Amino acid sequence: MNRVLSESHVDRFNMMKVIKMFKADWCGPCDEQAEIVSTVVEQRDDVEIQKFDVEEDSDVANQYNVNSLPTLVVEKDKQTVEQLTGLQTENELMTTLNNV
């Protein structure tokens, strides 16, 4: 069965942003960043999150040239539009998302 999307669904899909969060279990700031990212995602309906552990998902981390933690990669339309290194505040992350 083919699913037909209405124009509003297509527009919403095209507006979606993805935050790829790179973290490690031993990274204290990564835990804090995860909480901030979760709070931001809960407040927005145009963002989803994908979390990667750099030790378990080293191939993905290498693909994005992740050298420091935490690192957030923001994608829109499957294109990287921003890469943020270090702990980002809720306000900083919201501003970034509003500007992409």
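Which residues gather in a patch of negative charge on the surface? I found Asp25, Asp31, Glu32, Glu35, Glu55 and Glu56 there. My patch rule takes residues with over 30% relative accessible area and no salt bridge, and joins like charges within 9 Å. Lys and Arg count as positive, Asp and Glu as negative, while His and the chain ends are not counted. I placed each charge at NZ of Lys, CZ of Arg, CG of Asp or CD of Glu.

Ground rules before I go on. This is a predicted model, where local features need pLDDT of at least 70 and side-chain atom pairs count only at pLDDT 80 or more, though totals for chains, interfaces and linings use all residues. Residues are numbered from 1 along each chain as its sequence is written, and side-chain values use heavy atoms, with hydrogens and water left out.

**Entry: Asp31.** Helices here are DSSP runs of H or I with at least four residues, strands are runs of E with at least two, and both are numbered from the N terminus. Asp31 is partly exposed, at a relative accessible area of 48%. For the labels, buried means under 20% relative accessible area, exposed over 50%, and partly exposed in between. The areas are Shrake-Rupley values with a 1.4 Å probe, and for residues only the protein chains shown count as cover.

**Entry: salt bridges.** How many salt bridges does the rule give? I count a side-chain nitrogen of Lys or Arg within 4 Å of a carboxyl oxygen of Asp or Glu, and the count comes to three.

Asp46 pairs with Lys17 at 2.9 Å, N to O. Asp46 sits in the loop between H2 and S2 and Lys17 in strand S1 (residues 17-23), so this pair ties together parts that are 29 residues apart in sequence. Both Asp46 and Lys17 are buried.

Lys20 bridges to Glu75, with the closest N and O atoms 3.8 Å apart. Lys20 is in strand S1 and Glu75 in strand S3 (residues 71-76), so parts 55 residues apart in sequence are tied together. I noted Lys20 and Glu75 as buried too.

Asp46 also forms a salt bridge with Arg44, the closest N and O atoms being 2.9 Å apart. Arg44 is buried, and so is Asp46. Shared partners join Lys17, Arg44 and Asp46 into one network.

**Entry: Asp53.** A polar atom of its side chain is 2.8 Å from the backbone nitrogen of Glu55. My polar contacts are N or O pairs within 3.5 Å, one able to donate a hydrogen and the other to accept it within protein, and residues adjacent in sequence count only if both atoms are side-chain atoms.

Entry: The Leu69 to Pro70 peptide bond is cis, with omega near -10°. I place Pro70 in the loop between helix H3 (58-63) and S3.

Asn65 has a positive phi of about 55° without being a glycine. Asn65 lies in the loop between H3 and S3, and counts as exposed at 56% relative accessibility.

Asp77, another non-glycine, has a positive phi near 55°. I find Asp77 in the loop between S3 and strand S4 (79-85), partly exposed at 48% relative accessibility.

Note on methods
Patch = residues over 30% accessible without salt bridge, like charges linked within 9 Å, V, L, I, M, F, W, Y side chains within 5 Å. Buried < 20%, exposed > 50% of the residue type's maximum accessible area, 1.4 Å probe, protein only.
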